[in-house]
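Have the viewer open as you read.

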Amino acid sequence: MTKVLYTGSFDPITRGHMDIINQASQLFDEVVVAILINPNKKDGFFTMEERLNIMKKIYEDYDNVKIICEEKAAVDVAEIMECSAIIRGLRGLSDFDYEIGLANINKQISNNKVNTICLFADNKYQFISSSMVKEVFRLGKDISLYVDDIVKEEMKEKVKVKEYGNKNIR
């Protein structure tokens, strides 16, 4: 059985992320999607638990996609979950340079046990980032093209609860 790991902060999960997960789920026997903490991002829109719940709803009908949360390095999660590779999504050449370095480091620190496989999101999703989705959302614009309806509704609900003051959420 070929098991792979796909990691990210997924705050929120975008259609680009989902495209990579869908591709991986068609190529491999099992895809473990790990929500990781990104130390470079201070405040998340969603808590880890909220992200986990959202993603479990989205992927409840997928038999070969497992959603988890972890506070470890991706390569450590891959080894613990017995994944033979880490999936990385690429949007363009700028991502490629970064991913080469990360792939080499992951291979070294795993003693050559964990490889990296890069997949490209569909053209219509390559410009989407979680940061962009949050910015568009905070501006009160429609985010339906960028996220699943479950994500959109959860974001709207979160704003109601937090009362960001943005009265023009669509």
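## Ground rules

Two strands count as paired if DSSP finds at least two bridges between them. Strands (E, at least two residues) and helices (H or I, at least four) are DSSP runs, numbered from the N terminus. This is a predicted model, where local features need pLDDT of at least 70 and side-chain atom pairs count only at pLDDT 80 or more, while totals for chains, interfaces and linings use all residues. Residues are numbered from 1 along each chain as its sequence is written, and side-chain values use heavy atoms, with hydrogens and water left out.

## The sheet

Start with strand S1 (residues 3–8), which pairs with S2 in the parallel sense over six bridges. Within that pairing, Leu5 sits opposite Val32 in S2. Zooming out, five strands make an open sheet with parallel pairing, in the order S3-S2-S1-S4-S5. The edges belong to S3 (65–70) and S5 (115–120); each has a single partner strand, so one side of each is left without a neighbour in the sheet. From one strand to the next, the twist averages 30°. Axes here are lines fitted to C-alpha atoms (for helices, over the stretch in contact), and angles run from 0 to 180 degrees between N-to-C directions.

## Helices on the sheet

Contact means heavy atoms within 4.5 Å. Helix H1 (residues 15–27) packs on the sheet and touches S1, S2, S3, strand S4 (85–90) and S5, its direction making about 120° with that of S5. Helix H4 (residues 93–109) also packs on the sheet, touching S4 and S5, and its direction makes about 170° with that of S4.

H4 has 17 residues and should span 24 Å at 1.5 Å a residue; its end C-alpha atoms are 25 Å apart, which agrees. The expected span is 1.5 Å times one less than the number of residues. Asp95, Glu99 and Asn106 of H4 are buried, where buried means under 20% relative accessible area, exposed over 50%, and partly exposed in between (1.4 Å probe, protein chains only). The helix's buried residues pack against helix H3 (74–80), S4 and S5.

## Val33 and the cores

A nonpolar core is a set of buried Ala, Val, Leu, Ile, Met, Phe, Trp, Tyr and Cys residues joined through side-chain atoms within 4.5 Å. Which members of the largest core, with its 37 residues, touch the most other members? They are Ile13 and Val33. S1, H1, S2, H2, S3, S4, H5 and helix H6 (149–162) each supply at least two residues of this core, and H2 gives the largest share, five residues. A second, separate core of 13 residues includes Val32, Leu36, Ala78 and Val114.

Val33 itself lies in strand S2 (residues 30–36). Its relative accessible area is 0%, so Val33 is buried. Leaving aside neighbours within four places in sequence, Val33 contacts Tyr6, Phe10, Ile21, Met55, Val65, Lys66, Ile67 and Ile68. Its C-alpha atom is 9.9 Å from that of Ile86, 53 residues away along the chain.

## Aromatic pairs

There are five aromatic pairs in the structure. Rings of Phe, Tyr and Trp (its six-membered ring) pair if their centres lie within 6.5 Å; planes under 30 degrees apart count as stacked, over 60 as edge-to-face and the rest as tilted. Tyr6 and Phe10 have ring centres 5.5 Å apart and planes at 65°, so this pair is edge-to-face. Both of these residues are buried.

Phe45 and Phe137 make another edge-to-face pair, at 5.8 Å centre to centre with 90° between the planes. That pair links distant parts of the chain: Phe45 is in the loop between S2 and helix H2 (48–58), Phe137 is in helix H5 (residues 130–138), and they are 92 residues apart. Phe45 and Phe137 are both buried, and together with Phe46 they form one aromatic cluster.

The loop between S1 and H1 holds Phe10 and Pro12. A cis peptide bond joins Asp11 and Pro12, with omega about 0°. Phe10 has a positive phi, near 50°, in a residue other than glycine. Its relative accessibility is 2%, so Phe10 counts as buried.

Past the end of H4 comes Asn111, with a positive phi near 55°. Asn112, in the loop between H4 and S5, has a positive phi of about 65° although it is not a glycine. Is Asn112 buried or exposed? With a relative accessible area of 55%, Asn112 is exposed.
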